[in-house]
Amino acid sequence: MKFITLDTLLANPPEVVGSLWGDSLLPRKGLTLLHSGSKVGKSIASVNLAVAGACALPQFLGHKIHGPFSTMIFQGEINLRGIYDRVVTMIGNVPGYTPTHEQLSKIVINEERSNRLCDDATFLEFRAEVC
């Protein structure tokens with residue numbers, strides 16, 4: 001593991017990564033993790049943001065979408081039927097807009113809830129898919 005002093009960092013600014021959402025809410029490079037207790041809205045927020053990005057909607061929650069972009073959602077809380085029901089409801093509530101098959105194909109979701117990223121084999125498979 002490598003460390004850098006704040007003085008050195010400020011003297012050598014790294015490249016600008018850019019953002020997919022807002023000024024810096026969702027980095028263009030890397031992975032973003034949403035973690036919290038049950039029933040706080042992680043699935044609703046992540047799927048809505050993924051649809052907004054895939055469809056290159058002008059904004060999401062008041063912040064500009066810099067899209068279109070693709071999204072991989074790796075979740076372990078709800079089953080596929082639960083995801084299906086939520087997505088049907090969410091898409092039906094976007095006034096005057098119906099995403100195309102091509103746009104929805106930019107979003108992928110893991111099928112099995114039993115996979116955990118703390119498992120070495122699952123992590124390596126996940127990393128191979130996103131890198």
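Predicted model: local features only at pLDDT ≥ 70, side-chain atom pairs only at ≥ 80, totals over all residues.
Local features need pLDDT of at least 70, side-chain atom pairs count only at pLDDT 80 or more, and totals for chains, interfaces and linings use all residues. Residues are numbered from 1 along each chain as its sequence is written, and side-chain values use heavy atoms, with hydrogens and water left out.

**Exercise 1.** State which secondary structure pattern the protein follows along the sequence.

Solution. Helices (H or I, at least four residues) and strands (E, at least two) are DSSP runs, numbered from the N terminus. The protein has five helices and six strands. Along the sequence they give α-β-β-α-β-β-β-α-α-β-α.

**Exercise 2.** Check the span of helix α2 (residues 42-54) and describe its burial.

Solution. The expected span is 1.5 Å times one less than the number of residues. For the 13 residues of α2 this comes to 18 Å, and the end C-alpha atoms lie 18 Å apart, so the two values agree. Next, apply the burial cut-offs: buried is under 20% relative accessible area, exposed over 50%, partly exposed in between (1.4 Å probe, protein chains only). In α2, 10 of the 13 residues are buried, including Val47, Leu49 and Val51. Across the protein, buried residues make up 27% of the 131 residues. After α2 comes Ala56, with a positive phi near 50°.

**Exercise 3.** Place Glu125 in the secondary structure and classify its exposure.

Solution. Glu125 belongs to helix α5 (residues 120-130). Its relative accessibility is 61%, so Glu125 counts as exposed.
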